[in-house]
Amino acid sequence: MYLMLGTCPDIAYTVAALGRHAANPGIEYQHTLDRLFHYLRGSSDYKLVYRHGVPGGDTILGYVDTDWGSDVNDHKSTLGYAFTLSGSAISWSSKKQSAVALSSTEAEYIAGTHAAKEAIWLGRLFAGLQQPSSFPIPLLIDNQSAIAIAKNPEFHDQTKHIDICYHFL
């Protein structure tokens, strides 16, 4: 987990998935762990590089995605987001959603809400550090229906089943 939190955002999903089965791992999880160690050995010279003067380098960008109902045990989705500045990640997360999403749109909408809260926090952090950043921070979401719901409150009638806390987006 130290590597995931400090330097390797790309292994966040795998570490989270392995952690959910740490108490009673099966042979398939041992194979996944072996592949993870193989990947880490092969990528040990990779690093996050922050470049000054990159086009749009002072702009924080948020990328959001989720998989819909991928956990075969409880059918919950895993959400993930990453925020970049100067071409490298500055904040990232991968976690299982607390509720079962009824559609890919709902799963993406929930992920967008979590990312929006992180974007607000990052904006306030940069403002407190008196560092230039673009605000509002753009969130790049690939689900057109989730984007439409976020932009247009008229669609909320069709999404009343979504918990009100996710309409924060």
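Welcome! This chain has five helices and four strands, where helices (H or I, at least four residues) and strands (E, at least two) are DSSP runs numbered from the N terminus. Starting at the N terminus, the elements follow the order α-α-α-β-β-β-α-β-α. This is a predicted model: local features need pLDDT of at least 70, side-chain atom pairs count only at pLDDT 80 or more, and totals for chains, interfaces and linings use all residues. Residues are numbered from 1 along each chain as its sequence is written, and side-chain values use heavy atoms, with hydrogens and water left out.

**The sheet**
- The four strands make an open, mixed sheet in the order β3-β2-β1-β4; two strands pair if DSSP finds at least two bridges between them.
- Because β3 (88-96) and β4 (139-141) are at the edges with a single partner strand each, one side of each has no neighbour in the sheet.
- Strand β1 (residues 61-67) runs parallel to β4, and three bridges join them.
- V64 has I141 in β4 as its bridge partner.

**A residue in β2**
- T84 lies in strand β2.
- T84 is buried, at a relative accessible area of 19%; buried means under 20%, exposed over 50% and partly exposed in between (1.4 Å probe, protein chains only).
- Leaving aside residues up to four places away in sequence, T84 touches T59, I60, L61, Y63, A89 and I90, with contact meaning heavy atoms within 4.5 Å.

**The whole chain**
- Of the 169 residues, 34% count as buried.
- Among contacts with a separation of 6 or more, 60% come from residues 24 or more positions apart.
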